[in-house]
Amino acid sequence: MALIVGLTGGIGSGKTAASDYLASLGITIVDADVVAREVVEPGQPALAQIEAHFGREVILPSGHLDRATLRDIVFANPEQRKILEQITHPAIGAAIIAQLQAATSPYSVLASPLLLETSQHQMVKRVLLIDVPEEIQIARTTARDGVPEKQVKSIMAAQMPRQDKLARAHDIISNTGSLAALHQNLHQQHLNYLRIAQHHES
Ligand code: ATP
């Protein structure tokens, strides 16, 4: 398989802005959040397994997963959450690998907010962290989503601390400046990955 770069960062750090730019350069992006939704679409084996365990009440009349009901069930019950993860995590992992294997760009990117928190980091050769201080995470996320600061802070508190992410990343791009500055820094990193990809053997 070609070189795989893991792209991560806390909420509102600029992962999507970064992956959109790399996609515009022709790099294949596999987004773990998108894959997580795809594996529970109607007709997928993971959805049938969820229905078999949690019952018909977690399925909407349309046949789609009733995320709100399922969230309520697992929120109150860690054991049930574990069972849900035992169903979804292998399906997500397999789908990510299949999409990365189908990639044709010189290197490909696995974008995931939980890259370092899950086994997903084992799929990548290098970890690229998009980094901003907490004040900027809060300012940009509240502006983007129109949500209260408190809500953003509670999500941040559940994520891996910034210092730990910084310690584990191979490559770090600070996203405190303009979008143009982000693109410029990413372009340098992109050239670096192209060089690494040339010498990469799977
Ligand atoms: P999440 O983890 O919540 O999905 P994310 O890491 O994907 O967030 P983005 O959605 O890319 O973050 O960025 C958060 C917000 O900040 C967006 O509205 C985006 O347009 C804006 N943004 C990102 N980078 C910059 C920048 N350098 N200058 C100004 N705004 C930016």
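This is a predicted model: local features need pLDDT of at least 70, side-chain atom pairs count only at pLDDT 80 or more; totals for chains, interfaces and linings use all residues.
Reader: Where does the ligand sit?
Author: A pocket is defined on a 1 Å grid over the protein atoms alone, as an open set of points with protein on both sides within 12 Å along at least five of seven lines, where a 1.4 Å probe fits. A molecule sits in one if more than half of its atoms lie within 2 Å of its grid points. By that criterion the ligand sits in the largest pocket.

Reader: Which helix supplies the largest share of the shell around the ligand?
Author: Helices are DSSP runs of H or I with at least four residues, strands are runs of E with at least two, and both are numbered from the N terminus. Helix H1 (15-24) and helix H6 (134-145) each supply at least two residues of the shell. The largest share, three residues, comes from H1.

Reader: Which residues come nearest to the ligand?
Author: A residue is near a molecule if one of its heavy atoms lies within 4 Å of it. Of the 14 residues around the ligand, those that come nearest are Lys15, Thr16, Ala17, Arg144 and Asn175.

Reader: What share of the ligand's exposed area does the protein bury?
Author: Polar contacts here are pairs of N or O atoms within 3.5 Å; within protein, one must be able to donate a hydrogen and the other to accept it, and residues adjacent in sequence count only if both atoms are side-chain atoms. An oxygen atom of the ligand is 2.6 Å from an N or O atom in the side chain of lysine 15, an oxygen atom of the ligand is 2.9 Å from a polar backbone atom of alanine 17, and a nitrogen atom of the ligand lies 3.4 Å from a backbone N or O atom of serine 178. Taken alone, the ligand exposes 640 Å², and the share that the protein buries is 74%.

Reader: Is histidine 190 buried or exposed?
Author: Histidine 190 has its place in helix H9 (residues 179-199). Buried means under 20% relative accessible area, exposed over 50% and partly exposed in between, with a 1.4 Å probe and protein chains only. Because its relative accessible area is 7%, histidine 190 is buried.

Reader: With which side chain does the side chain of tyrosine 107 make a polar contact?
Author: Tyrosine 107 is found in strand S3 and is buried, with a relative accessible area of 0%. Contact means heavy atoms within 4.5 Å, and, leaving aside residues up to four places away in sequence, tyrosine 107 touches residues including Leu22, Ile27, His190 and Tyr193. At 2.8 Å, its side chain makes a polar contact with the side chain of histidine 190.

Reader: What is the relative accessible area of glutamine 137?
Author: Glutamine 137 is placed in helix H6. Beyond its neighbours within four places in sequence, glutamine 137 is in contact with residues including Gly10, Ile11, Gly12 and Gln159. Glutamine 137 is buried, and its relative accessible area is 7%.

Reader: Which residue's backbone nitrogen does the side chain of glutamate 117 reach?
Author: Glutamate 117 lies in the loop between S3 and strand S4 (126-131), and it is partly exposed because its relative accessible area is 30%. Apart from neighbours within four places in sequence, glutamate 117 is in contact with Gln159, Met160 and Lys165. At 3.0 Å, the side chain of glutamate 117 reaches the backbone nitrogen of methionine 160.

Reader: How far apart in space are the C-alpha atoms of alanine 103 and methionine 1?
Author: Alanine 103 is found in the loop between helix H5 (78-101) and strand S3 (107-111), and at 19% relative accessibility it counts as buried. Although alanine 103 and methionine 1 are 102 residues apart in sequence, their C-alpha to C-alpha distance is 8.8 Å.

How values were computed. Residues are numbered from 1 along each chain as its sequence is written. Side-chain values use heavy atoms; hydrogens and water are left out. Accessible areas come from the Shrake-Rupley method with a 1.4 Å probe; for residues, only the protein chains shown count as cover. On a 1 Å grid over the protein atoms alone, a cavity is a set of points where a 1.4 Å probe fits but cannot get out, and a pocket is an open set with protein on both sides within 12 Å along at least five of seven lines; lining residues have an atom within 4 Å of a point.
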